[in-house]
Amino acid sequence: MTLILIVLGVLCTPAFGLTTADVWINNGNALAAQGKYDEAIQDYNKAIEINPQQLSAIEKAASSKLKSRSRIRRAPSGGLSLKESL
């Protein structure tokens, strides 16, 4: 009986926690939409740990990494300029 409960607990864990790759990707998407690219990258990396073949997580992590390194700011002339923050 105890073994059955343990197995059911393990099988049901993805339904109750952030343990599926899709959930981490969705959370990362929400963070990226808010401009929180570094936090989004962490969530995408968790999705990749769960499912290394999850191509959308890899693509989104790379895109967020690029966005986190590039900052758009107002130039003194009032135009936009791109500043690389390496």
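Here are some questions and answers about the chain.

Visitor: What kind of model is this, and how are its residues numbered?
Guide: This is a predicted model, where local features need pLDDT of at least 70, side-chain atom pairs count only at pLDDT 80 or more, and totals for chains, interfaces and linings use all residues. Side-chain values use heavy atoms, leaving out hydrogens and water, and residues are numbered from 1 along each chain as its sequence is written.

Visitor: What percentage of the residues count as buried?
Guide: Buried means under 20% relative accessible area, exposed over 50%, and partly exposed in between (1.4 Å probe, protein chains only). The chain has 86 residues, and the share of them that counts as buried is 21%.

Visitor: Within what arc do the buried residues of helix 2 fall?
Guide: In helix 2, the buried residues are Ala-21, Trp-24, Ile-25, Gly-28, Leu-31 and Ala-32. The arc is that of the directions from the helix axis to the C-beta atoms. Seen down the axis, these buried residues line one face of helix 2, because they fall within an arc of 120 degrees.

Visitor: Which residues are exposed on the other side of helix 2, and what covers its buried residues?
Guide: On that other side, Asn-26 and Ala-33 are exposed. The cover over the buried residues of helix 2 includes helix 3 and helix 4.

Visitor: Which residues does Ala-32 touch?
Guide: Ala-32 is one of the buried residues of helix 2. Contact means heavy atoms within 4.5 Å. Not counting residues up to four places away in sequence, Ala-32 touches Tyr-37, Ala-40, Tyr-44 and Ser-64.

Visitor: How far does helix 3 reach from its first C-alpha to its last?
Guide: The expected span of a helix is 1.5 Å times one less than its number of residues. Helix 3 (residues 37-50) has 14 residues, and its reach is close to the expected value of 20 Å, being itself 20 Å.

Visitor: What arc do the buried residues of helix 3 cover?
Guide: Tyr-37, Ala-40, Ile-41, Asp-43, Tyr-44 and Ala-47 are buried in helix 3. They are on the same side of helix 3 because the arc they cover around the axis is only 165 degrees.

Visitor: Is Gln-54 buried or exposed, and which residues does it touch?
Guide: Gln-54 lies in the loop between helix 3 and helix 4. Gln-54 counts as buried because its relative accessibility is 16%. Its side chain makes a polar contact (a pair of N or O atoms within 3.5 Å; within protein, one must be able to donate a hydrogen and the other to accept it, and residues adjacent in sequence count only if both atoms are side-chain atoms) with the side chain of Ser-56, at 3.3 Å. Not counting residues up to four places away in sequence, Gln-54 touches Ala-21, Asp-22 and Ile-25.

Visitor: Which exposed residues does helix 4 carry on the face turned away from its buried side?
Guide: Ala-57, Ala-61, Ser-64 and Ser-68 are buried in helix 4. They cover an arc of only 70 degrees around the axis, which puts them on the same side of helix 4. The face turned away from that buried side carries the exposed residues Leu-55, Glu-59 and Leu-66.

Terms used: Helix = DSSP H or I, 4+ residues; strand = E, 2+ residues; numbered from the N terminus.
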